[in-house]
Amino acid sequence: MPRKTDFKISLGNRIRYLRNINSITQEELGKKLNVGKTTIANYESGYSEPESEKISMLANIFNI
């Protein structure tokens, strides 16, 4: 089972925050990143970390 780390938890919280303030569902964000809703949930809960390509895509999606 993947291990949560402070970095993963912090990153996941930031993704959730940005997704919520932009009124995007996990499913919608997953489609934009070409991943499933479960993957987004895993990012947000700190169980997994997006690859650098996905982090770049997230930055573009949220204009940060």
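This is a predicted model: local features need pLDDT of at least 70, side-chain atom pairs count only at pLDDT 80 or more; totals for chains, interfaces and linings use all residues.

## Terms and basis of the model

Helices (H or I, at least four residues) and strands (E, at least two) are DSSP runs, numbered from the N terminus. Residues are numbered from 1 along each chain as its sequence is written.

The predictor's confidence in each residue, pLDDT, runs from 0 to 100. Its mean over the protein is 95, and 98% of the residues reach 70 or more. Among the elements, α1 has the lowest mean pLDDT (96) and α2 the highest (98).

## Packing of the helices

Axes are lines fitted to C-alpha atoms, for helices over the stretch in contact, and angles run from 0 to 180 degrees between N-to-C directions. Angles under 35 degrees count as roughly parallel, over 145 as roughly antiparallel, 65 to 115 as roughly perpendicular and the rest as oblique. Helix α1 (residues 6-21) packs on helix α3 (residues 37-45) at about 120°, their axes being 6 Å apart; the two are therefore oblique to each other. In this contact (heavy atoms within 4.5 Å), Lys8, Gly12, Asn13, Ile15, Arg16 and Arg19 of α1 meet Tyr43, Glu44 and Ser45 of α3.

The axes of helix α2 (residues 26-33) and α3 cross at roughly 105° and come within 8 Å, which makes α2 roughly perpendicular to α3. On the α2 side the contact involves Gln26, Glu27, Leu29, Gly30 and Leu33, and on the α3 side Lys37, Ile40, Ala41, Tyr43 and Glu44.

## Salt bridges

The whole structure holds three salt bridges, each defined as a side-chain nitrogen of Lys or Arg within 4 Å of a carboxyl oxygen of Asp or Glu. Arg16 pairs with Glu44 at 3.5 Å, N to O. Since Arg16 lies in helix α1 and Glu44 in helix α3, this pair ties together parts 28 residues apart in sequence. Arg19 also forms a salt bridge with Glu44, at 2.5 Å, N to O.

Buried means under 20% relative accessible area, exposed over 50% and partly exposed in between (1.4 Å probe, protein chains only). Glu44 is buried at 2%, Arg19 is buried at 9%, and Arg16 is partly exposed at 31%.

Lys31 forms a salt bridge with Glu27, with the closest N and O atoms 3.9 Å apart. Both residues lie in helix α2, four residues apart, about one turn of the helix. Lys31 is exposed at 61%.

Conventions
Side-chain values use heavy atoms; hydrogens and water are left out.
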